[in-house]
Amino acid sequence: MPISERAKRDLLRLEDRNQPDYMPGMTSAEKKRRLARMSYRDYLLNVAKVDKEAYWFYMATGRDVFCVGADALPALFAWQMGEWVGGFAGLKLDPSPEGLLANLPGGQHGRQVESDEPVVHFPDGNATLARLLVRWLVPEALPGSNQNDLGTAQVNYDRLDRSSNAARIRLNSTVLNVRHDGDIQSAREVIVNYSTAGRLLEVRGRACIMACWNMFVPYLVPDLPSAQKEALAFNVKGPIVCTNVFLRNWAAFERLGIESVACPTMYHDTVALTDPADLGALRHARNSNEPIAVRMSRTPGQPGLPRKDQHRIGRADLLATSFETFERNIRSQLMRILGPGGFDPPRDIIGIAVNRWPHGYSYTYNSLDDPLEWVFTETDKRPCVVGRQPFGRISIANCDAAASPHTDAAFFEAHRAVTEVLERRAWPFASDTIRRVRHMCSRSHG
């Protein structure tokens, strides 16, 4: 590799199971507390004392989960990510107790480790889940009987919003304001004002669930208490770019013997062939002569700044970046990686889709910036808990309410919000007490 001899030695040292203990004389608990308060970058450069060229290979650690790299990732999180993250073998840390960096109920923290449960992967990602939900709510809008026939099923959009439906889905409608019809204590309805097709309209209901980006809820529900507004505004989502590049074939990958490449210093952090998943009539490529999609990920930001500032700068970067800039970098990066395998961008690239998520992953608590009890416990003091409290007939869902970007967290918070509505409807005078008891029981079980 075109790096210094010291960097080469340091890379080998970081992967050596017999490497030294860089924190001698400290207990495992003391080491963990120190690791929780320093970044992985600081650990590598200042504690393990590796050459900066060796650090390049680890600088993108955490970007795919936390939308920031090693400079804003707690070293303790890096250790928990597993053996592929170097530099910790000599510390001889005790295994994490249950609940520390683990799969807490409901995905409450967004820093889960890999579990032994089988992974379900759909060709179109979570879109399959959305389509299954639509079929359950409005069966005539999406005919079929199982997930396999969803791959090529066509949605009957004209049937989503019929007055005869038990559930109605209204598209292209931007909500502008949500309020109670009168005093919050005595109001019997919630009024939702929205815009569609250039018109301002309103709809009323006995309850409303705000399942949108939580940071935006205070703008839509201006009557919220100031403490709840502050808690909801704490969430600053991380920006992500998921780029799909469509190739005539993937022969270059086969010739080079690779399926994915980590590129920590290039425009996109990763390049990988899509996972081989079929769904009914949707069929993944079987051999290298068939067309395929290549997945490339990018996490825009400015390393060195606090995490939330990086997210804001990354969002501004996405707004200012043209498609031509993406295309130029995509072609250059793929040529540099796959060129030795015979790849030719003008010939082999047949399409590019750049999916920009300026408000991508929910904010997850980070021991570099947030109180340790927010990160390692399920305390009610966490902003996600304060922010998701029901406000009269308005409940709040979304994975933001769990401080986690995971799908299970979104389902968990949706279930909680709907349960609040049903409890209030069944026992209007006792629902607050029921919620408190239910919360205490869930905590004691945990």
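I began with the lining of the second largest cavity, whose residues divide into 5 nonpolar, 4 polar and 1 charged. For these classes I counted Ala, Val, Leu, Ile, Met, Phe, Trp, Tyr, Cys and Pro as nonpolar, Asp, Glu, Lys and Arg as charged, and the others, Gly among them, as polar. A cavity here is a set of points, on a 1 Å grid over the protein atoms alone, where a 1.4 Å probe fits but cannot get out, and lining residues have an atom within 4 Å of a point.

The model is predicted: local features need pLDDT of at least 70, side-chain atom pairs count only at pLDDT 80 or more, and totals for chains, interfaces and linings use all residues. Residues are numbered from 1 along each chain as its sequence is written, and side-chain values use heavy atoms, with hydrogens and water left out.

I noted about 40 Å³ of space in the second largest cavity. Its lining includes V65, F66, R307 and H311.

I then turned to the largest cavity, with a volume of about 100 Å³. Of its 13 lining residues, the closest to its centre are A231, N235, Y365, C384 and D400. By class I found 8 nonpolar, 3 polar and 2 charged residues in this lining.

Last, I looked up N235. Is N235 buried or exposed? N235 counts as buried because its relative accessibility is 7%, where buried means under 20% and exposed over 50% (1.4 Å probe, protein chains only). I found that its side chain reaches the backbone nitrogen of Y363 at 2.9 Å.

Conventions:
A polar contact is a pair of N or O atoms within 3.5 Å; within protein, one must be able to donate a hydrogen and the other to accept it, and residues adjacent in sequence count only if both atoms are side-chain atoms. On a 1 Å grid over the protein atoms alone, a cavity is a set of points where a 1.4 Å probe fits but cannot get out, and a pocket is an open set with protein on both sides within 12 Å along at least five of seven lines; lining residues have an atom within 4 Å of a point. Grid points are joined across faces, edges and corners, and a volume is the space filled by probe spheres set on the points.
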